[in-house]
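Subject: Structure handover

Hello,

The structure is below, and my notes on it follow. Please read them with the model open.

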Amino acid sequence: MKTASLTYISSVDALRQLMLSKDKDIVKISPEGYALSNGIDYCCVGVKSNEGNNYLVQAFGKEARELHNEATRWQLGR
(Lines give C-alpha, C1' and ligand atoms only; values in the text may rest on other atoms or scores of the structure.)
Protein backbone atom coordinates (compact mmCIF):
# COMPACT_ATOMS: atom_id res chain seq x y z
CA MET A 1 0.00 0.00 0.00
CA LYS A 2 1.39 3.37 -1.02
CA THR A 3 0.67 6.32 1.27
CA ALA A 4 1.26 9.93 0.26
CA SER A 5 0.86 13.06 2.31
CA LEU A 6 0.12 16.38 0.63
CA THR A 7 0.12 19.85 2.19
CA TYR A 8 -2.79 22.29 1.91
CA ILE A 9 -3.76 25.55 3.63
CA SER A 10 -6.62 23.80 5.45
CA SER A 11 -8.66 20.63 5.38
CA VAL A 12 -11.42 22.51 3.54
CA ASP A 13 -8.90 23.53 0.87
CA ALA A 14 -7.69 19.93 0.59
CA LEU A 15 -11.24 18.65 0.12
CA ARG A 16 -11.98 21.29 -2.52
CA GLN A 17 -8.82 20.40 -4.45
CA LEU A 18 -9.68 16.71 -4.36
CA MET A 19 -13.27 17.27 -5.45
CA LEU A 20 -12.37 19.53 -8.39
CA SER A 21 -11.50 16.37 -10.24
CA LYS A 22 -14.82 14.95 -11.46
CA ASP A 23 -13.78 11.33 -10.84
CA LYS A 24 -14.06 11.48 -7.03
CA ASP A 25 -16.96 10.85 -4.65
CA ILE A 26 -17.37 11.42 -0.94
CA VAL A 27 -18.08 8.03 0.58
CA LYS A 28 -18.18 8.90 4.29
CA ILE A 29 -18.53 11.95 6.53
CA SER A 30 -18.28 11.66 10.28
CA PRO A 31 -21.50 12.67 12.09
CA GLU A 32 -22.23 16.36 12.54
CA GLY A 33 -21.17 17.56 15.98
CA TYR A 34 -18.84 14.59 16.55
CA ALA A 35 -16.25 15.21 19.29
CA LEU A 36 -13.32 13.20 20.62
CA SER A 37 -13.34 11.93 24.20
CA ASN A 38 -11.43 15.05 25.26
CA GLY A 39 -14.23 17.28 23.90
CA ILE A 40 -12.44 18.55 20.80
CA ASP A 41 -14.62 18.65 17.67
CA TYR A 42 -13.46 16.25 14.97
CA CYS A 43 -14.45 15.56 11.37
CA CYS A 44 -13.14 13.03 8.92
CA VAL A 45 -14.18 12.76 5.27
CA GLY A 46 -13.51 9.71 3.11
CA VAL A 47 -13.13 10.27 -0.63
CA LYS A 48 -12.73 7.60 -3.30
CA SER A 49 -11.76 8.04 -6.93
CA ASN A 50 -13.15 6.02 -9.81
CA GLU A 51 -9.63 4.57 -10.17
CA GLY A 52 -9.91 3.08 -6.68
CA ASN A 53 -7.69 5.55 -4.79
CA ASN A 54 -8.83 6.40 -1.26
CA TYR A 55 -8.31 9.73 0.49
CA LEU A 56 -8.96 10.80 4.06
CA VAL A 57 -9.30 14.46 5.08
CA GLN A 58 -9.35 15.23 8.82
CA ALA A 59 -9.88 18.35 10.90
CA PHE A 60 -10.19 19.39 14.53
CA GLY A 61 -11.95 22.22 16.35
CA LYS A 62 -13.61 25.00 14.36
CA GLU A 63 -12.08 23.67 11.16
CA ALA A 64 -13.85 20.34 11.79
CA ARG A 65 -17.22 22.09 11.64
CA GLU A 66 -16.19 23.92 8.45
CA LEU A 67 -15.01 20.66 6.87
CA HIS A 68 -18.28 18.94 7.72
CA ASN A 69 -20.27 21.77 6.10
CA GLU A 70 -18.10 21.76 2.97
CA ALA A 71 -18.26 17.96 2.61
CA THR A 72 -22.03 18.02 3.01
CA ARG A 73 -22.31 20.65 0.26
CA TRP A 74 -20.18 18.55 -2.10
CA GLN A 75 -22.15 15.43 -1.28
CA LEU A 76 -25.42 17.22 -2.07
CA GLY A 77 -24.04 18.31 -5.44
CA ARG A 78 -22.95 21.80 -4.44
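Strands here are DSSP runs of E of at least two residues, helices are runs of H or I of at least four, and both are numbered from the N terminus; two strands pair if DSSP finds at least two bridges between them. In the hairpin of β2 and β3, four residues lie between the strands, and Gly52 has a positive phi near 95° there. Strands β2 (residues 42–49) and β3 (residues 54–60) run antiparallel and are joined by seven bridges. Cys43 has Ala59 in β3 as its bridge partner.

This is a predicted model, in which local features need pLDDT of at least 70 and side-chain atom pairs count only at pLDDT 80 or more, while totals for chains, interfaces and linings use all residues. Residues are numbered from 1 along each chain as its sequence is written, and side-chain values use heavy atoms, with hydrogens and water left out.

On the whole chain: the protein chain has two helices and three strands, in the order α-β-β-β-α along the sequence. Its C-alpha trace spans about 35 × 30 × 20 Å along the principal axes. Of the 78 residues, 32% are buried, meaning under 20% relative accessible area with a 1.4 Å probe, protein chains only. Among contacts (heavy atoms within 4.5 Å) with a separation of 6 or more, 44% are between residues 24 or more positions apart. The protein chain exposes about 5500 Å², with 50% of it supplied by carbon and sulfur atoms; the areas come from the Shrake-Rupley method with a 1.4 Å probe.

Regards

Key: Buried means under 20% relative accessible area, exposed over 50%, partly exposed in between (1.4 Å probe, protein chains only).
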